[in-house]
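Open the model in your viewer and keep the selection tool at hand. This tour goes one stop at a time.

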Amino acid sequence: MTVGNNAAALTYERIQLRLDQLKLGRMAEHVDAVAEEAANQEWTYLTFLDHLLELEVAARYERDIVMKTRLAHLPFHKTLDQFDFSFQPSVNERQMHELATLRFLAHGENILFLGPPGVGKTHLAVALGMAAISQRQSVYFLTMVDLLEMLHRDVKEDRLGHRLRTLCKPKLLILDEMGYFPLDRMAAQFMFQLVSRRYQKGSIILTSNKSFGEWGDIFTDQVLATAILDRLLHHSATVNIRGHSYRLRQKRKAGVFTGIAEDQKEVVADPSTE
Ligand code: ADP
Ligand code: MG
């Protein structure tokens, strides 16, 4: 009896040790419970192994998602489900759900979200980024301001080539807020190289408050702007968002922001009428 128990204890220890050596942590954690359930339910050996392996695979998936989410540097975590499509009718809900299937990513296509501030460009870009991560794709989010800062540091440290290679690696690169600041010649040339290198290989989601016609102003060089746009747009979807800022929605409702005639209707508390 004691001998049998000892043997079982040794086997258990050895299993723990081996699972540890093989870095199968979740299996090590659950092996007793699953073995007990197997005995209770009279599972076959294969069913037992299947259950145990499933736990490890699920653990690895979770870890991978956590890691990819960290590496993506998203400014916030919001999904398509959190987007109120009724507030922004110029965004086609069906098109967004189609984009969230990530077919565009498989084909290396780009997406451009254009529109004024606060209409949800970054939200939608982030939501597609999160959809990509959930399918275990690598994503990297960068605002153009941060990119410009990086580039000016990189020039001094002679690391532009390294930066270019790094930004070509993620399957999806999100460049947020193109157009708030002009790009000098060096930055524009870098953008050209980045877009060219990623062309048809890795997707770019770009958001901008500027229409394509105004891109010449962002780049100062019209020829370069055209060349960049040409590659960006060749395999791409453009989503033009025309509408009100979601950020100002509450303020409009409270009657703080009454600049536009249409907004007057939404004023809830207008002291002059009380
Ligand atoms: P933009 O990038 O166009 O300036 P954001 O995507 O940053 O706008 O949106 C501003 C804020 O409003 C974010 O917190 C975003 O989640 C929220 N938001 C914008 N549009 C919507 C919407 N239609 N439904 C829900 N939240 C929205
Ligand atoms: Mg934004």
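The stops below cover a ligand site and then some aromatic rings. Keep in mind that this is a predicted model.

**Stop 1: the ligand**

Now show the residues around ligand 1. There are 14 of them. The closest are Lys 78, Asp 84, Gly 118, Thr 122 and His 123. Colour this shell by class. You will find 5 nonpolar, 5 polar and 4 charged residues.

**Stop 2: polar contacts of the ligand**

Zoom in on the oxygen atoms of ligand 1. Start with Gly 118. A polar atom of the Gly 118 backbone lies 2.7 Å from an oxygen atom of the ligand. Then pick Thr 122. This time the side chain takes part, with an N or O atom 2.7 Å from an oxygen atom of ligand 1.

How much of ligand 1 does the protein bury? Alone, the ligand exposes 560 Å², and the protein buries 90% of that.

**Stop 3: a phenylalanine pair**

Leave the ligand and turn to the rings. The model has 4 aromatic pairs. Select Phe 83 and Phe 85. Their ring centres are 5.0 Å apart and their planes meet at 65°, so this pair is edge-to-face. Are these two residues buried or exposed? Both Phe 83 and Phe 85 are buried.

**Stop 4: an aromatic cluster**

Next, select Phe 212, Trp 215 and Phe 219. Together they form one aromatic cluster. Look at Phe 212 and Trp 215 within it. With ring centres 5.9 Å apart and planes at 70°, they are an edge-to-face pair.

Phe 212 has 24% relative accessibility, so it counts as partly exposed. Trp 215 has 0%, so it counts as buried.

Technical notes
Residues are numbered from 1 along each chain as its sequence is written. Chains are lettered from A and ligands numbered from 1 in the order in which they are written. This is a predicted model: local features need pLDDT of at least 70, side-chain atom pairs count only at pLDDT 80 or more; totals for chains, interfaces and linings use all residues. Side-chain values use heavy atoms; hydrogens and water are left out. A residue is near a molecule or strand if one of its heavy atoms lies within 4 Å of it. A polar contact is a pair of N or O atoms within 3.5 Å; within protein, one must be able to donate a hydrogen and the other to accept it, and residues adjacent in sequence count only if both atoms are side-chain atoms. Accessible areas come from the Shrake-Rupley method with a 1.4 Å probe; for residues, only the protein chains shown count as cover. Ala, Val, Leu, Ile, Met, Phe, Trp, Tyr, Cys and Pro count as nonpolar, Asp, Glu, Lys and Arg as charged, and the others, Gly among them, as polar. Rings of Phe, Tyr and Trp (its six-membered ring) pair if their centres lie within 6.5 Å; planes under 30 degrees apart count as stacked, over 60 as edge-to-face and the rest as tilted. Buried means under 20% relative accessible area, exposed over 50%, partly exposed in between (1.4 Å probe, protein chains only).
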